[in-house]
Amino acid sequence: MQRKAQSFETVAWVDDATHPRVRMIDQRLLPVETAYLACEEPEEVAEAIRTLAVRGAPAIGIAAAYGVALALVRAVAQGLPAEQFDALLTSELQRFAATRPTAVNLFWAVERMRLCGARSAGQTPMHRARGLRDEALRIHDEDIACCLAIGAHGAPLLPDAGGVLTHCNAGALATGGQGTAVGVLRSAFALGKHLHVYVDETRPLLQGARLTAWECAQDGMPATLLTDNMAAHLMKLGKVQAAVVGADRIARNGDSANKIGSYGVAILCKYHNIPFYVAAPTTTVDLACASGEQIPIEERSASEVTHLRGVQIAPAGVGVFNPAFDVVPAALIAGIITEHGVARAPFTQDLDAMVAQAAAARAF
Ligand code: MRU
């Protein structure tokens, strides 16, 4: 499978038997600099996830899977005895599960790697490590296919012409493929729709301004950047016909956690009678969470709010509120676009069926 969906590579396994690496575009530097990290140690991959060098729910899951594989492939190349394989695998799974708390794709990928390791018990360490590497590559390939299917299901929902608002970055930089929300836009453009992308800046870390606006420019998608507090006015002016965002975790009832500010956008859409869509693979659905109440929300450091790219913009010592995500209640969502179709309210039945379909597809 062609794993490079765009002109850049979000995350990749560099297969060199003696010198394996996980390569990723360093999203902290975009859009000013296009530089790649070559992680040779699993801890470098974990740190890249923590510090958002790689971010976005599906991309985090893929990076974690590659990180686990990297740890075992390297250790085996250095002579890891068979009886130590499982202990190392367990500690690597724990390392990656502790990197970020909200995106359930991370835990889903870690669990896939655990099951893969368990299935290979009794084989040689070399076979087992290669099996983990292949599983991580499969996770990546599956995400590419999911993004394309999400695009195919989502594009017809968008108008033939008009403005579509998106928040944060749910593009190729956030996935293994063409993106989820931005993937829907890419597919809609490919159908010949005359859309204009409105990109929320997405404070505090500016994923919209730095990443989505950059992706739009790379692909020639017409786009306009706005600061988050301008969305209401833009809608009142009639410029927005639909909104589409990604998700980090979708509860069984359809409540969807996504980048902080998504809830506000959804409320604005409701008021202005604009459909608000969530686009995400079924790997983002967490049936164990009955509602959004159970979704853990990551709190990040105060400096992300008090400083902008290293420049202090608030008085030292001020109290700071910095949740990285919020939960959009299902009642505000017109549809959840997955690789198996569009889930509609009351969501539970459709989400259950789509997760089961995805599990069945993977069993072959
Ligand atoms: O903190 P981030 O940048 O990892 O947050 C990312 C988002 O909120 C995305 O919208 C979400 O992960 C979906 S990515 C396809």
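The questions below cover sheets, helices, salt bridges and surface.

Tutor: This is a predicted model, in which local features need pLDDT of at least 70, side-chain atom pairs count only at pLDDT 80 or more, and totals for chains, interfaces and linings use all residues. Residues are numbered from 1 along each chain as its sequence is written, and side-chain values use heavy atoms, with hydrogens and water left out.

Student: Which strands stand at the edges of the seven-strand sheet?
Tutor: Helices (H or I, at least four residues) and strands (E, at least two) are DSSP runs, numbered from the N terminus. Two strands pair if DSSP finds at least two bridges between them. The sheet is open and mixed, in the order β6-β5-β4-β7-β10-β15-β16. Each edge strand has a single partner, so one side is left without a neighbour in the sheet: these are β6 (223–226) and β16 (341–343).

Student: What angle does helix α7 make with β5?
Tutor: Axes are lines fitted to C-alpha atoms, for helices over the stretch in contact, and angles run from 0 to 180 degrees between N-to-C directions. Contact means heavy atoms within 4.5 Å. Helix α7 (residues 207–219) packs on the sheet and touches β4, β5 (194–200) and β6. Its direction and that of β5 make about 160 degrees.

Student: Which residue of β16 is the bridge partner of Ile336?
Tutor: β15 and β16 form a hairpin with two residues between them. They pair in the antiparallel sense over three bridges. In β16, the partner of Ile336 is Ala343.

Student: Which residues of β15 point the other way from Gly335 and Ile337?
Tutor: In a regular strand the side chains alternate between the two faces of the sheet. All four residues here are buried (under 20% relative accessible area; exposed is over 50%, partly exposed in between; 1.4 Å probe, protein chains only). Gly335 and Ile337 point one way from β15; the other way point Ile336 and Thr338.

Student: Is Glu135 buried or exposed?
Tutor: Glu135 forms a salt bridge with Arg138, the closest N and O atoms being 2.7 Å apart (a side-chain nitrogen of Lys or Arg within 4 Å of a carboxyl oxygen of Asp or Glu). The two are three residues apart in helix α5, so about one helical turn separates them. Arg138 is partly exposed at 41% relative accessibility. Glu135, at 5%, is buried.

Student: How many residues apart in sequence are the parts tied together by Asp219 and Arg186?
Tutor: Their closest N and O atoms are 2.6 Å apart, in a salt bridge. Asp219 is partly exposed at 36%, while Arg186 is buried at 8%. Asp219 lies in helix α7 and Arg186 in helix α6 (residues 181–190), so the parts tied together are apart by 33 residues.

Student: What accessible area do Leu308, Val311 and Ile313 have together?
Tutor: Patches are made of residues with over 30% relative accessible area and no salt bridge: like charges are joined within 9 Å, nonpolar side chains (Val, Leu, Ile, Met, Phe, Trp, Tyr) within 5 Å. Leu308, in strand β12 (residues 307–308), counts as partly exposed at 31%. Areas come from the Shrake-Rupley method with a 1.4 Å probe; for residues, only the protein chains shown count as cover. The nonpolar surface patch of these three residues has about 240 Å².
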